Amino acid sequence: MKKVYDIVVIGGGIIGSSIAYNLVKEGFDGKILLIEKDPSYQFASSTLSAGGVREQFSLPENIKISQYSLNIFENFDEIMEVDGDKAHAEFKQHGYLFLANEKNWPKIRKNHEIQKSLGAHVSLLSINDLKKLIPHLKTDDLVGGSFGSRDGYLDPYGVMQGFIKRGKKLGVEYLYEEVTGIEVKRKKIKGVITNKDEQISCRIVVNAAGPYASIVGKMAGIDLPVEPVRKMAYVFDPKIKFDYDLPLVIDTDGLLYFRHESGKTILTGKSIPDEPPGFNFEWDRNFFMQVVWPQVARRIPALDTAKLMRGWAGLYAMNRIDGNAIIGHFGDVEGFYGAVGFSGHGLQQSPAIGKCLSELIQFGKYQTIDLSCFSFDRFKTGKLVFEEEMV
Ligand SMILES: Cc1cc2nc3c(=O)[nH]c(=O)nc-3n(C[C@H](O)[C@H](O)[C@H](O)COP(=O)(O)OP(=O)(O)OC[C@H]3O[C@@H](n4cnc5c(N)ncnc54)[C@H](O)[C@@H]3O)c2cc1C
């Protein structure tokens with residue numbers, strides 16, 4: 001017999017789980033089923049993320065998303081408590097620092113003005129300020145930096161589990177199968193089919209399939225410009241341990257980042273600008289030895305003696321047209337929604353995205369933050385949105 005639900009969310013990573021949680025929390029009184037193909041979350045972007053959170057974006061909507069999300073993260077463990085067990089976001093507000101040289105300084109200053117006008121907790125730092133913040137920093141090619149004092153990093157797995165457990169407690173059902181088809185009749189969502197031949201009837205489907213978003217889009221006849229792109233991360237153990245906490249630092253090229261991890265080890269990674277798309281989860285030790293570590297050690301020479309402890313590769317869901325997320329109703333199929341294409345900032349945006357998309361689905365319009373600039377329609381109207389502070 002066909003199971004019947006009102007909403008089926010496809011993908012139980014941080015975005016799908018936040019959407020499902022927010023729907024029930026906001027009082028949606030129908031039945032919600034979240035379908036996740038991999039209960040171990042071994043390859044989910046959410047669990048492979050670096051955990052960075054920042055207010056420092058160029059688009060006002062992205063800044064507002066961060067501000068809403070920060071309010072949640074600062075109280076996450078209590079908000080997501082289940083039967084006396086708190087969540088474990090491990091949010092460390094050690095700050096987020098963009099380093100500036102002559103080249104990127106004008107852009108950083110311009111974006112700083114936008115951030116300040118929205119009340120973000122950001123300041124521009126001089127070389128002296130940088131030296132005070134990170135005494136070991138090499139600053140000879142720098143002119144300053146932009147620092148977010150409310151920013152930091154958290155444990156992605158802990159946040160995802162927080163949404164899952166609280167969502168389940170409030171009534172979200174999870175099914176661990178793979179969605180293999182979406183039933184659409186006369187341009188209306190009718191249900192989904194899984195790899196175990198389960199036929200589930202519903203009137204709304206939410207695509208939260210992360211790097212698999214375009215595969216799920218095609219099941220409903222919608223072409224989404226989202227591609228999986230590999231990003232590698234590494235943790236190394238430096239010989240010299242600092243007696244202060246590093247903020248999350250973005251070097252002047254905008255590609256290299258590093259921060260402290262537990263036990264004063266260093267978590268780092270660097271984007272490869274021309275990495276071809278694909279479901280590639282192989283991590284490359286040589287890339288660390290030849291490219292990443294030398295650049296970290298140039299910026300902080302005290303980190304030049306270290307042992308690589310581990311590495312991994314995860315996937316960004318990259319929107320190949322304008323790089324921003326695609327959120328809202330998708331195309332001309334009634335009942336087909338989604339939140340996909342978050343590249344490197346889906347984790348930190350998850351609380352606000354869940355809240356806002358649940359409003360759109362329930363009430364037909366955004367209430368907390370107007371996210372209509374991220375609609376799928378923008379690819380038709382040409383009103384593309386570009387974020388200058390992508391990492
Ligand atoms: C190395 C790395 C570092 C990052 N650093 C940061 C950072 O510092 N800050 C930040 O904010 N973001 C960061 N990100 C990005 C962030 O992790 C993602 O934007 C975010 O996790 C996206 O969440 P999601 O739920 O959309 O995707 P996912 O976590 O990938 O979840 C999608 C889920 O959908 C499931 N699924 C797919 N297809 C189907 C199907 N047909 N049926 C059932 N289930 C399906 C998958 O199994 C998966 O679990 C980083 C990402 C990587 C890889």
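How many bridges join strand 2 to strand 3, and in which direction do the two strands run? Four bridges join them, and the strands run parallel. The model discussed here is predicted.

Strand 3 covers residues 32-35, and within the pair Val9 stands opposite Leu34 of strand 3. Strand 2 itself spans residues 7-10 and is covered on both faces. Ile7 and Val9 are buried on one side, while Val8 and Ile10 are buried on the other. In a regular strand the side chains alternate between the two faces of the sheet.

The largest nonpolar core has 109 residues, and the members that touch the most others are Val8, Val9, Ile10 and Val205. Both domain 1 and domain 2 contribute at least three residues to this core. Not counting residues up to four places away in sequence, Val8 touches Leu33, Ile35, Val192, Ile200, Cys202 and Val205.

## Domains and their contact

The protein is divided into two domains, each built from separate stretches of the chain: domain 1 takes in 3-75, 156-225 and 321-381, and domain 2 takes in 102-152 and 229-319. Taken over C-alpha atoms, the domain centres are separated by 29 Å. Contact between the domains involves 29 residues of domain 1 and 25 residues of domain 2.

On the side of domain 1 that touches domain 2, strand 4 (52-53) and helix 2 (60-73) each supply at least two residues. Helix 2 gives the most, with four residues. By class, this side of domain 1 has 14 nonpolar, 11 polar and four charged residues.

## The ligand shell

The ligand is surrounded by 40 residues, of which Gly11, Gly13, Gly210, Gly314 and Gly346 are the closest. The shell has 19 nonpolar, 16 polar and five charged residues. Domain 1 and domain 2 each provide at least three residues of the shell.

Four elements each supply at least two residues to the shell: helix 1 (14-25), strand 14 (226-238), strand 18 (306-319) and helix 9 (346-363).

Strand 20 (residues 336-340) is mostly covered, with five of its five residues buried. Phe336, Gly338 and Val340 point one way from the strand, and Tyr337 and Ala339 point the other way.

Strand 20 is joined to strand 13 (residues 204-207) by three bridges, and these two strands run parallel. The bridge partner of Val206 in strand 20 is Tyr337. Strand 19 (residues 326-329) is joined to strand 20 by four bridges, with the two strands running antiparallel. In this second pairing, His329 stands opposite Tyr337. Six residues lie between the strands in the hairpin of strand 19 and strand 20, where Gly331 takes a positive phi near 70°.

Which strands form an open sheet, and in what order? Four strands form it, in the order 1-12-11-10, and the pairing is mixed. Strand 1 (3-4) and strand 10 (179-185) stand at the edges with a single partner strand each, so one side of each has no neighbour in the sheet.

Strand 1 and strand 12 (residues 199-201) run parallel and are joined by two bridges. Val4 has Ser201 as its bridge partner in strand 12.

## Individual residues

His260 lies in strand 16 (residues 256-261). His260 counts as buried because 20 other C-beta atoms lie within 10 Å. Leaving aside neighbours within four places in sequence, His260 is in contact with Asp245, Leu246 and Ile266. The C-alpha atoms of His260 and Leu248 are separated by 7.6 Å, with the two residues 12 apart along the chain.

Most residues other than glycine have a negative phi. Glu90, which is not a glycine, has a positive phi of about 50°. Glu90 is found in the loop between helix 3 (76-79) and strand 5 (96-100), and counts as partly exposed, with 17 C-beta neighbours inside 10 Å. Ser343 also has a positive phi, near 40°. Ser343 lies in the loop between strand 20 and helix 9. With 20 C-beta neighbours inside 10 Å, Ser343 counts as buried.

Methods:
Residues are numbered from 1 along each chain as its sequence is written. This is a predicted model: local features need pLDDT of at least 70, side-chain atom pairs count only at pLDDT 80 or more; totals for chains, interfaces and linings use all residues. A residue is near a molecule or strand if its C-beta atom, placed from the backbone, lies within 6 Å of it. Ala, Val, Leu, Ile, Met, Phe, Trp, Tyr, Cys and Pro count as nonpolar, Asp, Glu, Lys and Arg as charged, and the others, Gly among them, as polar. Domain bounds come from an automatic or database domain assignment. Two residues are in contact if their C-beta atoms, placed from the backbone, lie within 7 Å. A nonpolar core is a set of buried Ala, Val, Leu, Ile, Met, Phe, Trp, Tyr and Cys residues joined through C-beta atoms within 7 Å. A residue is buried if 20 or more other C-beta atoms lie within 10 Å of its own, exposed if 12 or fewer, and partly exposed in between; C-beta atoms are placed from the backbone. Two strands pair if DSSP finds at least two bridges between them.
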